[in-house]
Number of protein chains: 6
Amino acid sequence: MIHEHLKDRILYDGTQIRPNWALNELNIKGPSIITWIGPMNIKDIIDYEDKNLEIKAEKMAHFIVEHFDEQPANLRLCYHRQRILVMILQEELWEHDIPTKREGDDLYIGTGKLTVSVATAAVSSMKIHLGMNITSKGTPEDVETVGILDYKSLGEDDIIKIVSNVAKKYIQEIRLIEEDITKTRTG
Amino acid sequence: MIHEHLKDRILYDGTQIRPNWALNELNIKGPSIITWIGPMNIKDIIDYEDKNLEIKAEKMAHFIVEHFDEQPANLRLCYHRQRILVMILQEELWEHDIPTKREGDDLYIGTGKLTVSVATAAVSSMKIHLGMNITSKGTPEDVETVGILDYKSLGEDDIIKIVSNVAKKYIQEIRLIEEDITKTRTG
Amino acid sequence: MIHEHLKDRILYDGTQIRPNWALNELNIKGPSIITWIGPMNIKDIIDYEDKNLEIKAEKMAHFIVEHFDEQPANLRLCYHRQRILVMILQEELWEHDIPTKREGDDLYIGTGKLTVSVATAAVSSMKIHLGMNITSKGTPEDVETVGILDYKSLGEDDIIKIVSNVAKKYIQEIRLIEEDITKTRTG
Amino acid sequence: MIHEHLKDRILYDGTQIRPNWALNELNIKGPSIITWIGPMNIKDIIDYEDKNLEIKAEKMAHFIVEHFDEQPANLRLCYHRQRILVMILQEELWEHDIPTKREGDDLYIGTGKLTVSVATAAVSSMKIHLGMNITSKGTPEDVETVGILDYKSLGEDDIIKIVSNVAKKYIQEIRLIEEDITKTRTG
Amino acid sequence: MIHEHLKDRILYDGTQIRPNWALNELNIKGPSIITWIGPMNIKDIIDYEDKNLEIKAEKMAHFIVEHFDEQPANLRLCYHRQRILVMILQEELWEHDIPTKREGDDLYIGTGKLTVSVATAAVSSMKIHLGMNITSKGTPEDVETVGILDYKSLGEDDIIKIVSNVAKKYIQEIRLIEEDITKTRTG
Amino acid sequence: MIHEHLKDRILYDGTQIRPNWALNELNIKGPSIITWIGPMNIKDIIDYEDKNLEIKAEKMAHFIVEHFDEQPANLRLCYHRQRILVMILQEELWEHDIPTKREGDDLYIGTGKLTVSVATAAVSSMKIHLGMNITSKGTPEDVETVGILDYKSLGEDDIIKIVSNVAKKYIQEIRLIEEDITKTRTG
């Protein structure tokens, strides 16, 4: 599993959560975690409860994860991995003295919503999107949101560092779980 | 899924991680998280790398989780759930101003190891054990360990409160994941 | 898993068997069995052998079942559940002195076909449709059909009672199977 | 999948539900349903709730089913098949004017328990036992039981006919389900 | 599982790899291996790396395999079966003194590419296409290809014999694997 | 997945096919293919049809494969991998001008049996044993066997070369299959 941070400020519009996006658009083959900083405006919402909502923001840090290890793809496993990704982000923020509260797959600073996230699966691919507001600009008016810069002054390099650490720790976590599987007595 | 906290100071000797222990010994049917405070001395170690080690402690808070939802039982899913359980404990400790560092399924206070944990699976049952040192007494001499009381003064009620909160949040997390599955577009 | 009986006389046109229909159209989240009385005229047939047939009726009792427990969705398990649903309907009819013969997923009164049924699966959702003719009016001319009222005089309340009993027994059956899983020695 | 009815009056003692019993003891390879008439006295009970009970009878019709199609073996699917087997027996008894009531995997004539049943799974094999009392002799005193001969006078040939019909219909049901899978649109 | 060799010189355009093609177009129900001789010109390429390539040939022997046994369909298993199919073709060619080299799912005679192949899966169906060049005519100019007739003079009957042998051996291989499953101790 | 060739002339007695043997006896963690040259005398036969047979030989090349990728372990997938391993050995022998015939998981030189093989699975581990006779000495008298040295004069280095090539090609094959999964359109 590889991590690649994109320099381009791509708009997250929901197409990036489709299977094999990394291969088709970025020529990155195999399991991956792709990160970048950019706006969000989702046209095609896959959470049925949110399907008439506006989901948008001016500047976010985005994570797109794709796994192919469990065949066929398992949405239950994928949502467990989503939670682990969100909790690794929470750990990383704590280490930068940015305490957050978690409810399911959402992180909050105080009462402000910091993140959006969803997981999905197709026949052979499991995907996760996690987006963290860098500022609260451009977010929907009917939701109280917060950006990481609203809490603490950070340079873009600091943010990229946080994003990269999260990606690396996530990759290592999945690797360690696979290692644990190989050394456990079962049955 | 139910939580039950046992008053008895049961010795965790590794038999509690066998399938259907809660049903056979406690008459608790179905998925459950059983907690208690008691010593540990494992005879029958299921982590092959640790199989010649002493794993013991005088006083720990124990969690035993059993799931039957994924059939057949899936050790990969079970290790993901173990990570989520450990991270929920970490969150709860943070809220009590007890900051820990996590490496895989281990929590540390400073350089002292606070927890032990393992997951396993049989044909139809997935199980997790998580034990948190209350004191470092009685732990193996060749490992630097720490008990939660070494860091902060807490009454037994406080510890039971922490344990119960972790159990409740874990049950809620699994429930929320199942709910997320039912409202996600796939394919 | 919940049961809801709809008052509206919805046309069953095949769209109701799509994943998450209950959530999207009725705002019912999670596993469910939705029942109602209404006509049928299927545009979009998912049984490839029947794809050029007319499948219609003027008045039927409809059951739509959706499960999310087995991830990924398993069409084999779903067809087993369909058989169980059909056989529970058969049991309920027997108790109302309406004896039927079963062939696979079809019930017959004498030589008249009483029911239509199909199961399907998407990546994360398993669905069943079962429809029972209340009258034989409006059914295709090339098939010998029978309505439950052709055999026995029943009020609409009686029919709703039968439908509700079947739904409740089905929910209980699935619950009992899950309970059986948790108390069985395996391996 | 084949059916074989044994002439020998084998004691059902619980060993027959172990994986590959038909191959090891009878040299019958592959998926099978083995039937015979004989006593029951279970030493090794796999239902944890019944583990201290006496489970015995002097004369029963026994069915032992083994499947290998779903890999790895799935206890959930196996319990669905058990229900289908029990319901096929119920259908067959109805056709012989022996009406029964079903509760989960148990059939009753009036308030008398007619059958015992359990399903289990190992890594690669799914197994079902279903036993129907021919007489109530030799059954535990603390349970109200009934034998099929207590309700209706039948010769041994009639009973073997019933048993064989159930076995054949079960095999056909599983075959039809597999056929249904191959002609269903999914996704 | 059945084999059917078609007399018609159908164009392989990629639609034949869709689920249930054999049922919908040929009225062949259940698991099957369909073979024929005909041209190829794929419009709808399912290997993302090849998606802008021309994949075509004037005369090929085609194999289309469909399995429904593993539910839900498993792309990993399907690619294992594809390799087995390709290796059975390699064995058959060796027996006709046509030595080939294999790289993954491709066979070569010397440096000329003899075959194209892909596997895919939908929710309930696993499919494989394998095409072997009979001549190298009409193949893309940027790839060095070879036809079986470029290496050895064979009549159409000989080719149909090779194709039929491969189909029969593949069916037998899958059957033997299922048999091996039923006689293996596990756990 | 790693390959390790052992210098020691270990007796293959059937214990090596147990889960986690490589970890417990050789301290090799994770998926692996372990090879060595040594005698065979199996005490504990896991093919039920062979359970009363003598399975022994004086000098064989042994392969022990262990996979943990599919969770839970799948015996069907494992037997497909066994076939692929046997066919890769066949390919390698062809390249050394040692033509063999294959029947299921057995290779023959003429009418002499060259290999023995079995696959099995536990809850979390899939294992394969493949043994190739180097000489026919010490093999059971009631089976016609052949050793590779009976057909062609080879030094021990040549044999180790063959064994290592097979191991490397097998590892690459599994890797390529995983790569193919990540670039295939499904659904």
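Reader: Which atoms must lie within 4 Å for a salt bridge?
Author: In this predicted model, a salt bridge needs a carboxyl oxygen of Asp or Glu on one side. On the other side, within 4 Å, there must be a side-chain nitrogen of Lys or Arg.

Reader: What is the N to O distance between the side chains of Lys113(F) and Asp106(F), and are the two residues buried or exposed?
Author: The relative accessible area of Lys113(F) is 18%, and because buried means under 20%, Lys113(F) is buried. Asp106(F) is buried as well, with a relative accessible area of 16%. Their side chains meet in a salt bridge, N to O, at 3.3 Å.

Reader: Which residues are joined into one network by salt bridges that share partners?
Author: The network draws on chains A, E and F. Its members are Lys29(A), Asp47(E), Glu49(E), Arg175(F), Glu179(F) and Lys183(F).

Reader: How many salt bridges does a search of the whole structure find?
Author: Side chains of opposite charge can pair when their charged atoms come close. Searched over all chains, the structure has a salt-bridge count of 132.

Reader: What does the salt bridge of Lys29(B) with Glu49(D) join?
Author: The closest N and O atoms of Lys29(B) and Glu49(D) are 2.7 Å apart. Lys29(B) lies in the loop between helix H1 (21-26) and strand S2 (32-41) of chain B. Glu49(D) lies in the loop between strand S2 (32-41) and strand S3 (56-67) of chain D, so the pair joins two chains.

Reader: Are Lys29(B) and Glu49(D) buried, partly exposed or exposed?
Author: The relative accessibility is 30% for Lys29(B) and 38% for Glu49(D). Buried means under 20% and exposed over 50%. Both values fall in between, so Lys29(B) and Glu49(D) count as partly exposed.

Reader: Which side chain of chain C meets Lys29(B) in a salt bridge?
Author: Between chain C and chain B the count is two salt bridges. In a salt bridge of 3.1 Å, N to O, the side chain of Lys29(B) meets that of Glu179(C).

Reader: Which helix gives the most to the side of chain C that touches chain B?
Author: Between the two chains, six residue pairs are in polar contact. With three residues, the element of chain C that gives the most to this side is helix H4 (residues 156-182).

Reader: How many nonpolar, polar and charged residues does the side of chain C that touches chain B have?
Author: In chain C, 18 residues are in contact with 18 residues of chain B. By class, the side of chain C has five nonpolar, eight polar and five charged residues.

Reader: Which residues of chain C lose the most area to chain B?
Author: About 1500 Å² is buried between chain C and chain B, and carbon and sulfur atoms give 56% of that area. Three residues of chain C together account for 32% of what that side buries: Lys29(C), Ile181(C) and Thr182(C).

Reader: How far apart are the nearest C-alpha atoms of chain B and chain E, and those of chain C and chain F?
Author: Chain B and chain E do not touch, their nearest C-alpha atoms being 9 Å apart. Chain C and chain F do not touch either, and the distance between their nearest C-alpha atoms is 9 Å.

Reader: With which side chain does the side chain of Thr184(E) make a polar contact?
Author: Thr184(E) is found in the segment after helix H4 (156-182) of chain E, and with a relative accessible area of 1% it is buried. Residues it touches in other chains include Asn20(D), Ser124(D), Ile46(F) and Leu75(F). A polar atom of its side chain lies 2.7 Å from the backbone oxygen of Asp180(E). At 2.6 Å, its side chain makes a polar contact with that of Tyr79(F).

Reader: With which side chain does the side chain of Arg185(B) make a polar contact?
Author: Arg185(B) is in the segment after helix H4 (156-182) of chain B, and is partly exposed at a relative accessible area of 28%. Its contacts include Ile45(A), Tyr48(A) and Thr120(A). The side chain of Arg185(B) makes a polar contact, at 3.0 Å, with that of Asp44(A).

How values were computed:
Residues are numbered from 1 along each chain as its sequence is written. Chains are lettered from A and ligands numbered from 1 in the order in which they are written. This is a predicted model: local features need pLDDT of at least 70, side-chain atom pairs count only at pLDDT 80 or more; totals for chains, interfaces and linings use all residues. Side-chain values use heavy atoms; hydrogens and water are left out. Contact means heavy atoms within 4.5 Å. Buried area is the accessible area (1.4 Å probe) that two parts lose on being put together, summed over both. A polar contact is a pair of N or O atoms within 3.5 Å; within protein, one must be able to donate a hydrogen and the other to accept it, and residues adjacent in sequence count only if both atoms are side-chain atoms. Helices (H or I, at least four residues) and strands (E, at least two) are DSSP runs, numbered from the N terminus. Ala, Val, Leu, Ile, Met, Phe, Trp, Tyr, Cys and Pro count as nonpolar, Asp, Glu, Lys and Arg as charged, and the others, Gly among them, as polar. Buried means under 20% relative accessible area, exposed over 50%, partly exposed in between (1.4 Å probe, protein chains only). Lists of a residue's contacts leave out its neighbours within four places in sequence.
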